[in-house]
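Please look over the sequence and the structure below before reading on.

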Amino acid sequence: MVSSLSNMKGLAGDMAAAIRSRGTLPKMPANLGIDGAYALQKAVVAAVSGGSVAGLKAGLTASAAQAQFGVTHPLLGSLYEQGRLAPGVSLDSAPGVMLECEIGVVIDERGVPQSAGPVIEVPRMAFADADDVNGVNLLACNIAADRYIVGPQLPMLASHAEVEVRLIRDGQTVSAAPATEALGGPGPAVEWMLREARLRGLPTAEGMLLITGAIGGIHPATPGSYRAEYGPLGSIEFTVT
């Protein structure tokens, strides 16, 4: 665990500064634990966002990703309002910058889904030390949250079982997977996220955007012209330079 409250505040401040500047995270403490990681995450998010967040994000929703990072369950983080981007944006490729196809759901004040649409999350992995790359530290740094491209929102479908999500770069398919790959689809994913938010003390509010987990894996932001197709939910186009 972080040895004292003052040390935690100092570490959270250093982590927040690295996130804001897109620099390298400081060395992470040993034996932080899930509860300690959530506590540190809250301090980091408050320092980065000024206390206001745009929504929530589900992380490590696939069993393979959980095994890679040494955890046995998904994780929950927050979305920074300043990270929101519109379709058509051009992003710079850089070490640690990744791309994930996700479905974003807007909720009302009770947490009931009101609409859904395509989202491309652009997380950034920035650990200083390879030994720090694990699920607990990923949780502490807010699951590498940085930017996210939000497509148009449409009425929530009764089922996403027939929806396939494809990521295409320069005309070549990067990934293709069913929308149900992430926690069984947007509906079940939102239910899990709201339960976890209550458990972990993360706030929810009307109009928040919940992005429900990677569909088709996590991919390096390789330069190219991208189109993410979500069937009846529409598409997002963007460029990585």
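**Briefing on the predicted model**

Asn142 lies in the loop between α4 (135-140) and β7 (147-150), where helices (H or I, at least four residues) and strands (E, at least two) are DSSP runs, numbered from the N terminus. This is a predicted model, in which local features need pLDDT of at least 70 and side-chain atom pairs count only at pLDDT 80 or more, while totals for chains, interfaces and linings use all residues. Residues are numbered from 1 along each chain as its sequence is written, and side-chain values use heavy atoms, with hydrogens and water left out.

- Asn142 has a phi near 65 degrees, which is a positive value in a residue other than glycine.
- At 0% relative accessibility, Asn142 counts as buried, a word that here means under 20% relative accessible area, with exposed meaning over 50% and partly exposed in between (1.4 Å probe, protein chains only).
- Leu183, found in the loop between β10 and α5, also is not a glycine and yet has a positive phi of about 55 degrees.
- Leu183 is partly exposed, with a relative accessible area of 23%.
- As background, most residues other than glycine have a negative phi.

- Strand β5 (residues 98-107) has 10 of its 10 residues buried, so it is largely enclosed by the rest of the structure.
- Both faces of β5 are covered, with Met98, Glu100, Glu102, Gly104 and Val106 buried on one side, and Leu99, Cys101, Ile103, Val105 and Ile107 buried on the other.
- In general, the side chains of a regular strand alternate between the two faces of the sheet.
- β5 runs antiparallel to strand β6 (residues 113-122), to which 8 bridges join it, and two strands are said to pair if DSSP finds at least two bridges between them.
- Ile103 has Pro118 as its bridge partner in β6, and in the hairpin of β5 and β6, which has 5 residues between the strands, Gly111 takes a positive phi near 90 degrees.
- Strand β12 (residues 215-220) is joined to β5 by 4 bridges and runs antiparallel to it, with Pro220 as the bridge partner of Met98.
- Strand β11 (residues 209-211) is joined to β5 by 3 bridges, again antiparallel, and its Leu209 stands opposite Val106.

**An open sheet**

- An open sheet is formed by 5 strands in the order β4-β14-β13-β9-β10, and its pairing is mixed.
- The edge strands of this sheet are β4 (90-91) and β10 (172-178), each of which pairs on one side only.
- Strand β9 (residues 164-169) and β10 run antiparallel and are joined by 6 bridges, and Val165 stands opposite Ala177 in β10.

- Leaving aside neighbours within four places in sequence, Met15 is in contact (heavy atoms within 4.5 Å) with Leu25, Pro26, Met28, Leu40, Val44, Ala140 and Cys141.
- Among the buried residues of α2 are Tyr38, Leu40 and Val44.
- Glu196, which has its place in helix α5 (residues 186-200), is buried with a relative accessible area of 12%, and it touches Tyr38 and Leu76, not counting residues up to four places away in sequence.
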